[in-house]
Amino acid sequence: MPLGLVPIALLLGSGALIGITLGLIGGGGSVLAVPLLVYLVGVPSAHVAIGTAAVAVALNAGAGLAAHARLGTVKWPCAMVFTAAGVAGAFTGASLGKQLGGSELLALFGLLMIGVGIYMIAVEPKPAGHDVRLTQKSARHLLPRLILIGAGVGLLSGFFGIGGGFLIVPGLVLATGMALQNAIATSLFAVTAFGLTTAASYAVSGLVDWRLAALVIVGGVLGTMFGTRVNMHLAGHKRALAGTFASIVIVVGLYIVVSGIMKLMAVG
């Protein structure tokens, strides 16, 4: 697609919004990136939007991970086990996702988001000081849960063509009981890895627009720094952080479901 001043501005603005979301809640980058590319920027193919979003989100998540690492909020052993279990699932999921039509894929994506948002509202978040460590003593309990849930989240991440943060954050909370702030920071390691895995699969199939991805990344780096600062401000207000996470996921999920249903009805 041709790039004029307006599309460039929209791509930079979309990247900034994606980066803010990644820094703030550790996920939601592709949740926002895919509909922004399809409905705002006007990318004609949902699959190209998914592949392009995966590239941009993976690199923006890497920037967010570096920022959270400097703050000491990343649980590295949990991140590595969870991610290793999820990468194979992401490859499998990406292969399956490319077999579905774009509208059907987006509609299912939105339904899943709504379910995750409701789950995060229902769960009582751990306080910011609650600590979880993967050690020889805790491994017997934590390892099976990290591996099983990590593999499942990776499969869904690849299937929907997303970095998966909005699934990884509740997945880490469910698997380990860690505080939400730590889950958000730790999730960015997996978001980066899952996003790169999905992006590689879509790139091999020629479903990545590298020009668009570059502009989204530029806007995203600045947004990520701002989102990380807001995350630290909300860290002591566990309900505010959980509510922010859930609200963003549910609202965007509803939008995607309604848009997907309308497109399917138009085709029908």
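The model on the screen is predicted, so local features need pLDDT of at least 70 and side-chain atom pairs count only at pLDDT 80 or more, while totals for chains, interfaces and linings use all residues. Residues are numbered from 1 along each chain as its sequence is written, and side-chain values use heavy atoms, with hydrogens and water left out.

**The whole chain**

Start with the protein chain in a cartoon view, where the secondary structure comes to 10 helices and 0 strands; helices (H or I, at least four residues) and strands (E, at least two) are DSSP runs, numbered from the N terminus. Of the 268 residues in the protein chain, buried residues make up 57%. Among the contacts with a separation of 6 or more, 84% are accounted for by residues 24 or more positions apart, where contact means heavy atoms within 4.5 Å.

**The aromatic pair**

Next select Phe189, which is partly exposed because its relative accessible area is 23%, and then Trp76, also partly exposed, with a relative accessible area of 33%. A search of the whole structure finds 1 aromatic pair. The ring centres of Trp76 and Phe189 are 5.9 Å apart and their planes stand at 90°, so the pair is edge-to-face. The rings of Phe, Tyr and Trp (its six-membered ring) pair if their centres lie within 6.5 Å, and planes under 30 degrees apart count as stacked, over 60 as edge-to-face and the rest as tilted. Because Trp76 lies in helix α4 (residues 76–97) and Phe189 in helix α8 (residues 180–204), the pair ties together parts that are 113 residues apart in sequence.

**Helices α4 and α8**

Two packed helices are described by the angle between their axes and the distance between the axes. For α4 and α8 the angle is about 25° and the axes are 9 Å apart; axes are lines fitted to C-alpha atoms, for helices over the stretch in contact, and angles run from 0 to 180 degrees between N-to-C directions. The two helices are therefore roughly parallel to each other, given that angles under 35 degrees count as roughly parallel, over 145 as roughly antiparallel, 65 to 115 as roughly perpendicular and the rest as oblique. The crossing in which α4 passes α8 is right-handed; a crossing is right-handed if the near helix is turned clockwise from the far one by less than a right angle, and left-handed if anticlockwise. The residues that make the contact include Trp76, Phe82, Phe91 and Ala94 of α4, and Phe189, Phe194 and Tyr202 of α8. By class, the contact of α4 with α8 has 13 nonpolar, 6 polar and no charged residues, where Ala, Val, Leu, Ile, Met, Phe, Trp, Tyr, Cys and Pro count as nonpolar, Asp, Glu, Lys and Arg as charged, and the others, Gly among them, as polar.

**Helix α3 and its partners**

Move on to helix α3 (residues 46–71) and helix α9 (residues 210–234), whose axes come within 8 Å and cross at roughly 30°. That makes α3 roughly parallel to α9, and α3 passes α9 in a right-handed crossing. Among the residues that meet are Leu59, Asn60 and His68 in α3, and Trp210, Val216 and Met232 in α9. The contact of α3 with α9 divides into 13 nonpolar, 8 polar and no charged residues.

Select Val43 in the loop between α2 (29–41) and α3; at 5% relative accessibility, Val43 counts as buried. Its C-alpha atom is separated by 9.5 Å from that of Asp209, 166 residues apart along the chain.

Then go to Gly253 in helix α10 (residues 238–267), which is buried, with a relative accessible area of 0%. Leaving aside neighbours within four places in sequence, Gly253 is in contact with Gly110, Met113 and Ile114.

End at Ala122 in helix α5 (residues 102–122), which is exposed, with a relative accessible area of 64%.

Technical notes:
Buried means under 20% relative accessible area, exposed over 50%, partly exposed in between (1.4 Å probe, protein chains only).
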